[in-house]
Amino acid sequence: MRHITHGIRTPRISRLAGIATLVVAAAFTGTGTGTALAHTAGASAVDQKVDGVMVVAGNSCSWTNGSTSAVPPNALTVDRTTINAPGGNLACGGGIAATLNNNPAFTFDEAAGTARTDLIDITGRQSFISCRYKATGIVWDRNATTGKYVNRAFTASKTSGSFLCPGSVTTPAGDASMLFH
């Protein structure tokens, strides 16, 4: 009879929670962990792009030059086909793969220095484990110096995936952000 020690199982469960958090953060890291949303004053309508970076549990997800439908402070949507491979370059470390499942809409309040995302729907995979999460009403605060919009804490709920995936994951404030340009 083979026995599995808790020392072997605990890292796997912790890693799954990390995957789930990374997936949610990656969506707007963007997606991602430490993602930043920024807007450059004077950006032209020709350069309607967004870059994202995030770090979760030591793993980083990032992308560059995802397409947007407008330039902040105008309401806009992010085109997931320009974030996800093969059209985009969303990549994560630590053996994790993430996919943005929707085209998130952003609205901006210049006076308050905030942005709001209607819905982020992300799937994360590691090996044979897949977890899908959705978060709504995410609020982002603009950094007055850099112009980046950094997330406030939010919780995403599991909508499908392995029984090993946590039922929800919380992304702490500052773990996601984006840069619009």
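This briefing describes the disulfides of a predicted model and then a pair of its strands.

The model is predicted, so local features need pLDDT of at least 70 and side-chain atom pairs count only at pLDDT 80 or more, while totals for chains, interfaces and linings use all residues. Residues are numbered from 1 along each chain as its sequence is written, and side-chain values use heavy atoms, with hydrogens and water left out. A disulfide is taken here as a pair of cysteine sulfur atoms within 2.5 Å, and by this rule the count comes to two. With bonded cysteines counted along the chain, the disulfides follow the pattern 1-2, 3-4.

**The disulfide of cysteine 61 and cysteine 92**

- The sulfur atoms of cysteine 61 and cysteine 92 are 1.9 Å apart, and the two residues form a disulfide.
- Cysteine 61 lies in strand β3 (residues 59–67) and cysteine 92 in strand β5 (residues 91–92), so this pair ties together parts that are 31 residues apart in sequence. Strands (E, at least two residues) are DSSP runs, numbered from the N terminus.
- The link of cysteine 61 and cysteine 92 is right-handed, with 110° about the S-S bond.
- Cysteine 61 has a relative accessible area of 0% and is buried, a term that means under 20% relative accessible area, computed with a 1.4 Å probe on protein chains only.

**The disulfide of cysteine 131 and cysteine 165**

- Cysteine 131 and cysteine 165 form a disulfide in which the sulfur atoms are 2.0 Å apart.
- Cysteine 131 belongs to strand β9 (residues 129–142), whereas cysteine 165 is found in the loop between β11 (154–161) and β12 (168–171), so the pair ties together parts that are 34 residues apart in sequence.
- The torsion about the S-S bond of cysteine 131 and cysteine 165 is about -80°, and therefore this disulfide is left-handed.
- Both cysteine 131 and cysteine 165 are buried.

**Strands β6 and β8**

- Strands β6 and β8 run antiparallel and are joined by four bridges, where two strands pair if DSSP finds at least two bridges between them.
- Leucine 100 has isoleucine 122 as its bridge partner in β8.
- In strand β6 (residues 97–100), Ala98 and Leu100 make up the covered face, while Ala97 and Thr99 make up the uncovered one.
- Threonine 123 lies in strand β8 (residues 114–126), and this residue counts as buried at 11% relative accessibility.
- The side chain of threonine 123 makes a polar contact with the side chain of asparagine 101 at 2.8 Å. A polar contact is a pair of N or O atoms within 3.5 Å; within protein, one must be able to donate a hydrogen and the other to accept it, and residues adjacent in sequence count only if both atoms are side-chain atoms.

Conventions. Buried < 20%, exposed > 50% of the residue type's maximum accessible area, 1.4 Å probe, protein only.
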